[in-house]
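Reader: I'd like to learn how to read pockets and disulfides in a model. Could you walk me through this one?

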Amino acid sequence: MSGESTTRTAPRSADTGTAQAGGGRLGQRLSGVAVALGLALFLGGFVWGALVYRPYTVPTSSMTPTIDVGDRVLAQQIDGGEVRRGDVVVFKDKNWVSNANVVKRVVAVGGDTVSCCTDGKLTVNGKQIDEPYLPAGTLAEIKNFPTVTVPKGRLFLLGDERQGSLDSTAHLTDAASGTVSREAVSARVDSVVWPMKGLLKRPTGFETLGPLSRPGPVRTIELMIVAGAVLVLAGGAYGPIAARMGRSRAKTRQETPGVR
């Protein structure tokens, strides 16, 4: 042997190439799968939401504080037969407002008797109803109204801001005693999306009178959209990050003295 020493100054060929620069074939495949799955979830969430929900802007303060004037809500399209006590619904009734949607809370359904007030509380079928969604410190209704028996297939509705709401109590002299047909209902409000108040709280005060409505799929749809966006961003960022890390490792190896 000549005793001469050799120093390796370049990385091994196995450590170079486009595969490592892009993070490896497996990483690239997983990145592609993440982007594809993310797009499916993201777009699927929007499509599902468009099929199930309709956005509405509430122009009055009659549902304050649950829904303030100008709030943007998402309402699930439903059949009138699905309406339950405590639901906040969207409906049209020419006897109330011509050619415009109205948003109110259902407090009684066909066959119920409703009156106000007993100790400052709404009374349905002889039971006092706790209504925590009302403005703090207010009574269920400022002016008493006589007991109303809701006809079959109809609904009795009130605004959460009872003092200024033009609701069923403002139409008691109508032929239907202020009630609205179930068929007039087109949607049930699930969530206030602007500003972001989230899902409406369940009206538990009506539970003793019968089953409540279940929330629609708005939470699942939101999770799909968020998860899809995260997967798309993560999958798209993998390639550039892996490439940068690969170049950094290669540079480090080139600057490290070899062995004898």
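Author: We'll take the pockets, then the disulfide. This is a predicted model, where local features need pLDDT of at least 70, side-chain atom pairs count only at pLDDT 80 or more, and totals for chains, interfaces and linings use all residues. Residues are numbered from 1 along each chain as its sequence is written, and side-chain values use heavy atoms, with hydrogens and water left out.

Reader: What volume does the largest pocket have, and which residues are closest to its centre?

Author: Rolling a probe the size of a water molecule over the atoms shows where empty space is left. A pocket here is an open set of points on a 1 Å grid over the protein atoms alone, where a 1.4 Å probe fits, with protein on both sides within 12 Å along at least five of seven lines; lining residues have an atom within 4 Å of a point. The largest one has a volume of about 390 Å³, the space filled by probe spheres set on the points, which are joined across faces, edges and corners. Among its 19 lining residues, T60, V97, N101, V102 and K104 are closest to the centre.

Reader: And how many residues line the second largest pocket?

Author: That pocket, about 270 Å³ in volume, has 14, with T66, Y133, L199, L200 and K201 nearest its centre.

Reader: Which cysteines form the disulfide?

Author: The rule is a pair of cysteine sulfur atoms within 2.5 Å. Here C116 is joined to C117, S to S 1.9 Å, and the link is right-handed, with 50 degrees about the S-S bond.
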